[in-house]
Amino acid sequence: MIERGHGDEVERQARNGDWNCAQAFARELIEQDRLDAAMELLTPFVDSGWWPAASVAAGYLDEGGRMHDAIALVRPHAEAGKRPAVHRMGSLLAECGRGEAAFELLLPHAQDWYLAKLLVKVSVGLGRDDEVTALLLPQVEAWLELGEWRFHQSLGLVAAVYERQGRLDEALDLLLTKSASSVNYREQLADLLAEHGRLEELREYIAGEGGSYAAWSLVKLLESRGDIEGAIAVLRPLAADDPHHAAIYLAELLERHGRTDEAIAVLVPIIGSLAEPGSVQTFLCLSSRCRCVL
């Protein structure tokens, strides 16, 4: 309606309590650099104690550089224990240089992976890594013993803390744990090996359990160094066996470097098995850029 010139009606409905109209018109005001007007429009919704409204308003305040106002808006919801509000509050505190306050806010929530992930992030440079690992390690050990998914998520966080403490071998050992076989951990392990130049170990891991997920870390590194042929050589033997990942990675790599015909040649034999929409889209986009008769 706004696009068709009916902004007045949208504003009227917003002031009559329609949240969807309030959101739309507030965004219009923000785009006009009228932050105060947007906040005035949203205030009745925020004052009702409804978290979604407070979240939207806090986002606009944050975008407008008024982080302290955003914190004040979020604080009551965070203190009431609302999970997304605690996360938003922690992020805002860290953004405005109050890392210790963010850490203290998140510390009691270390068993919640969603909040523990932010705890690990905001604790960088605070000298409190030992506290973080002391809280998270019992969860990891419980998962390794019981196989409970909620503890599984903490494993990667502990590995990240170990790595930034310079305890790389301990981080790698943790990620190599037989039980830690998820895609996320394969990528995290491969990224660590690549970042620290342990390329022979990375190649061995790719040939073993790491597969195409780990290969992508080495490909990114080689491509960043200008070794395109080396990157292609890593993916090509994997492409036939892994059409949903390695073949797509290889095709996209080739296309990025102007080798679109070769990219199409990689995808043509497997197009029938590309069930994922993104994979089919990649194929169609590449097809449109070259003179390829299918």
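Visitor: Which residues in H14 meet which residues in H15?

Guide: In this predicted model, the axes of helix H14 (residues 228-239) and helix H15 (residues 246-256) come within 8 Å and cross at roughly 145 degrees, and the crossing is left-handed. By class, the contact of H14 with H15 has 11 nonpolar, no polar and one charged residues. The residues that meet are Ala231, Ile232, Leu235, Arg236, Leu238 and Ala239 in H14 and Ala246, Ala247, Tyr249, Leu250, Leu253 and Leu254 in H15.

Visitor: How many nonpolar, polar and charged residues has the contact of H4 with H5?

Guide: From H4 the contact takes Trp51, Ala54, Ala57, Ala58, Leu61 and Asp62, while H5 supplies Met67, Asp69, Ala70, Leu73, Val74 and His77. Sorted by class, these residues of H4 and H5 come to nine nonpolar, one polar and two charged.

Visitor: Against which helices do the buried residues of H6 pack?

Guide: Helix H6 (residues 83-95) has buried residues at Ala85, Val86, His87, Met89, Gly90, Ser91, Leu92 and Leu93. These buried residues of H6 pack against helix H4 (51-63), helix H5 (67-79), helix H7 (99-106) and helix H8 (113-122).

Methods. Residues are numbered from 1 along each chain as its sequence is written. This is a predicted model: local features need pLDDT of at least 70, side-chain atom pairs count only at pLDDT 80 or more; totals for chains, interfaces and linings use all residues. Side-chain values use heavy atoms; hydrogens and water are left out. Axes are lines fitted to C-alpha atoms, for helices over the stretch in contact, and angles run from 0 to 180 degrees between N-to-C directions. Helices (H or I, at least four residues) and strands (E, at least two) are DSSP runs, numbered from the N terminus. A crossing is left-handed if the near helix is turned anticlockwise from the far one by less than a right angle, and right-handed if clockwise. Contact means heavy atoms within 4.5 Å. Ala, Val, Leu, Ile, Met, Phe, Trp, Tyr, Cys and Pro count as nonpolar, Asp, Glu, Lys and Arg as charged, and the others, Gly among them, as polar. Buried means under 20% relative accessible area, exposed over 50%, partly exposed in between (1.4 Å probe, protein chains only).
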